[in-house]
Every structure is written in structure tokens, then in C-alpha cells.
Amino acid sequence: MQAVYNIAEICHRHGITDVVLSPGSRSAPLTLAFARHPAYRGRLRVVPDERAAAFIGLGIAQATRRPVVLVCTSGTAGLNYAPAVAEAYFQQIPLLILTADRPPEDVPDLIDAADRRERHGRAAQRHQPAQAHGPGGRLGHGRDRHARPHVRTERVHDQGAADPH
């Protein structure tokens, strides 16, 4: 789980100051990583509706001209970011999207797999799957395996901002 907790530190080191969370069970480790990081205390916005969260993040990024992190769980949750991601793309506004998708081998249906690799199409500059592995580089088993999210990041227009990858 340390790899997941490191994400908040990496974002902090690259100057990202704003995070908008749409918590879910699968994204709980990411939510906790940002909530426990001292740099983000008092800077987190929790917005349960992903579409609204994405537009709030877009507004913050427009105002600050700095990347904003959006965090959500798996399935269609990330698809709800699409309208704001399209706006960010055409206005060249920086967003960093972290979705806690199920690992590919655990995808039970098409809803969770829908457009997973290119969820936001050309609007995303980069799609980067990252897994939190257990000891020896292997995923855990049983309940432990499900506690380790398959984190997918997407970056929309970084405008010269530091690359958090």
C-alpha cells in the first residue's frame, strides 16, 4: 500500500496543491493517502457526484492555472468526468485524473471495462496504469487483493507543469 500513499507525496513534490475527491470503496486508499498527507489538510474538497467534482476541479485549475487532482473509484465513475475533461482539453487547462479501477483480471463485466484504456479519448495526454503490488511484486489474494487498487492516471494539458509520473 505504500505505493498508493506515495502518490500524494509525489503530487505535493510537483507543486499540486488542490485535490477533489469523489470517494468510493475502491478509491479509499487514494482518499486516505491525500487526507493523511500534511500538505493537503484543509485543501481537500469532497464532492460525491463525479460530474460536479470534475467541474469544480476544472474551475480551480482555470483560476490557478495549476494542475488539480481528481480522484474517483472504478466503473462509470470516471466516465462522469468526461464533460469537464473535454472542456479542459479544449481550453488547455491542467487536470490529473486518478481512478481506482479494478485490476484487469478482476473485471466482471463491460461496465467496469468500458473505455478503460482510453476513457477520455484524445483529451487525455497520457494514460498510465499503476498497480500497488504486494511483497515480491505480486498482487495480494482474497480481500487483500481488493484493497490494492489498480490506479489509472490521466493527465489533461499540463501547460508546462511538472510531470507527476
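Helices (H or I, at least four residues) and strands (E, at least two) are runs assigned by DSSP and numbered from the N terminus. This is a predicted model, so local features need pLDDT of at least 70 and side-chain atom pairs count only at pLDDT 80 or more, while totals for chains, interfaces and linings use all residues. Residues are numbered from 1 along each chain as its sequence is written, and side-chain values use heavy atoms, with hydrogens and water left out.

**View 1. Glu 9 and Arg 13 pair up along helix H1.** Let's start with a general idea: side chains of opposite charge can pair when their charged atoms come close. Here, a salt bridge means a side-chain nitrogen of Lys or Arg within 4 Å of a carboxyl oxygen of Asp or Glu. That rule gives a count of three salt bridges. In this one, the side chains of Glu 9 and Arg 13 meet at 2.7 Å, N to O. Both residues sit in helix H1 (residues 2–13), four residues apart, which is about one turn of the helix. How open are they to the outside? Buried means under 20% relative accessible area, exposed over 50%, and partly exposed in between (1.4 Å probe, protein chains only). Glu 9 has 25% relative accessibility, so it counts as partly exposed, and Arg 13 is exposed at 68%.

View 2. Take Arg 43 to begin with: its closest N and O atoms with Asp 18 are 2.9 Å apart. This pair links distant parts of the chain, with Arg 43 in the loop between helix H2 (28–36) and strand S2 (44–46), and Asp 18 in strand S1 (residues 18–21), 25 residues apart. Asp 18 is buried, with a relative accessible area of 3%, whereas Arg 43 is partly exposed at 35%. Now look at Arg 45, whose side chain meets that of Asp 18 in a salt bridge (3.1 Å, N to O). Arg 45 is in strand S2 and Asp 18 in strand S1, 27 residues apart. Arg 45 is partly exposed, with a relative accessible area of 32%.

**View 3. Two aromatic pairs turn up in this model.** Rings of Phe, Tyr and Trp (its six-membered ring) pair if their centres lie within 6.5 Å; planes under 30 degrees apart count as stacked, over 60 as edge-to-face and the rest as tilted. Phe 34 and Tyr 40 have ring centres 5.2 Å apart and planes at 75°, so they pair edge-to-face. Are these two buried or exposed? Phe 34 and Tyr 40 are both buried. Tyr 89 and Phe 90 also have planes at 75°, with centres 4.9 Å apart, so that pair is edge-to-face. Tyr 89 is partly exposed at 23% relative accessibility, and Phe 90 is exposed at 65%.

**View 4. The largest nonpolar core has 18 residues.** A nonpolar core is a set of buried Ala, Val, Leu, Ile, Met, Phe, Trp, Tyr and Cys residues joined through side-chain atoms within 4.5 Å. Which members touch the most other members? They are Val 20, Val 68, Leu 70, Tyr 81 and Leu 95. Two or more residues each come from helix H3 (50–64), strand S3 (68–72), helix H4 (82–91) and strand S4 (95–101). H3 gives the largest share, five residues. A second, separate core has 16 residues, including Val 4, Val 19, Ala 33 and Val 69.
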